[in-house]
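Please look at the sequence and the structure first.

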Amino acid sequence: MDHAHRRTPRTVPDKDQVPGTDRAEGTGRAALRADCGNCFGLCCVALTLTRSADFAINKDAGKPCRNLQDDFRCGIHTRLRTEGFAGCTVYDCFGAGQKVSGETFGGRDWRTAPESAQQMFQVFPVVRQLHELLWYLTEAATLAPARSLHGEIRRTLEATERLTRLDADAFAGLDVAAHRDEVAALLARTSELVRATAPRKKKRSHRGADLIAARLGGADLRGADLRGAYLIAADLSGADLRLADLIGADFRDADLSGTDLTGALFLTQSQLNAARGNGATRLPPSLVRPAHWVR
């Protein structure tokens with residue numbers, strides 16, 4: 001394959017349906033899913049790796065991972081966890097890789113056009129942040145209880161999408177942190193409206209809470225605010241997390257066996273990939289059961 005002239009995949013809406021939404025969930029989300037076949041291995045080059053339980057090696061940003069092949073594929077893709085690269089199975093670029101490779105840089109890769117490599121590696125994490133925001137905003141625009149905010153949400157979604165299509169040079173002057181703060185405030189308002197419909201008289205707030213190794217098995221956490229909560233190695237088996245706000249929650253090694261996550265707000269595939277679960281774990285239809293979970 002001539003990687004310098006790859007074709008950018010066409011955006012195709014998916015047909016997922018999420019409880020509590022008033023239209024097809026995920027419209028436009030096809031472009032927010034990683035398509036490694038149309039990316040120049042950017043996450044394997046642009047990012048820093050630190051030797052740890054997640055990565056078997058140290059690697060500086062801008063240096064290709066030793067497992068990256070000439071065709072931009074991972075040489076140990078099917079063995080990442082057993083080879084000490086569990087962090088790679090958790091990472092999600094939200095489709096930024098193919099956007100930067102195929103659109104921002106017009107299909108010219110960093111090997112055949114090394115003069116653009118440094119800029120490409122700087123642009124990629126910025127677009128990745130914007131694509132993550134698009135994932136959340138796309139979900140927010142489907143949530144019926146937040147209908148009063150749908151106009152504002154859609155305008156913000158469109159503005160964010162326009163930012164992802166800037167010329168490569170323009171990203172250097174983009175204040176992505178400020179834009180992220182604006183989106184976060186809008187998502188928080190959305191969350192409040194949706195969580196207010198949860199069948200609980202008293203809504204629990206655990207925003208940013210230290211719940212590392214917490215014993216929450218079977219807990220009724222419907223409508224809870226778990227934004228940014230540290231749930232590392234927490235026992236959430238059999239818990240009810242419907243309508244809980246999970247944006248930014250750290251689920252590394254958390255036990256989600258039998259947990260009900262249907263209708264959970266702002267859950268991502270990366271969070272699921274970092275956790276442990278089983279065949280009884282109930283997921284939103286927009287996400288898939290990780291291959292390493294117990295069946």
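Axes are lines fitted to C-alpha atoms, for helices over the stretch in contact, and angles run from 0 to 180 degrees between N-to-C directions. The model is predicted.

Helix α2 (residues 96-104) packs against helix α3 (residues 117-140) with an angle of about 125° and axes 8 Å apart. Angles of 65 to 115 degrees count as roughly perpendicular and those over 145 as roughly antiparallel, which means that α2 is oblique to α3. The crossing of α2 past α3 is right-handed.

| Helix | Residues in the contact |
|---|---|
| α2 | Ala96, Gly97, Lys99, Val100, Thr104 |
| α3 | Met120, Val123, Phe124, Val127, Arg128, His131 |

By type, the contact of α2 with α3 has six nonpolar, three polar and two charged residues.

In soluble globular proteins, nonpolar side chains tend to be buried together. The largest nonpolar core in this model has 47 residues. Which of them touch the most other members? They are Leu231, Leu246, Phe251 and Leu261.

Apart from neighbours within four places in sequence, Leu261 is in contact with Leu241, Leu246, Leu256, Leu267, Leu272, Thr281, Arg282, Leu283 and Pro284.

A second, separate core has 24 residues, including Cys39, Val100, Ala117 and Val123. Val100 of α2 and Val123 of α3 also take part in the contact between these helices.

Terms used:
Residues numbered from 1 in each chain as written. Predicted model: local features only at pLDDT ≥ 70, side-chain atom pairs only at ≥ 80, totals over all residues. Heavy atoms only, no water. Helix = DSSP H or I, 4+ residues; strand = E, 2+ residues; numbered from the N terminus. Parallel < 35°, antiparallel > 145°, perpendicular 65-115°, else oblique. Left-handed = near helix turned anticlockwise from the far one by under 90°. Contact = heavy atoms within 4.5 Å. Nonpolar A, V, L, I, M, F, W, Y, C, P; charged D, E, K, R; others polar. Core = buried A, V, L, I, M, F, W, Y, C linked by side-chain atoms within 4.5 Å. Buried < 20%, exposed > 50% of the residue type's maximum accessible area, 1.4 Å probe, protein only.
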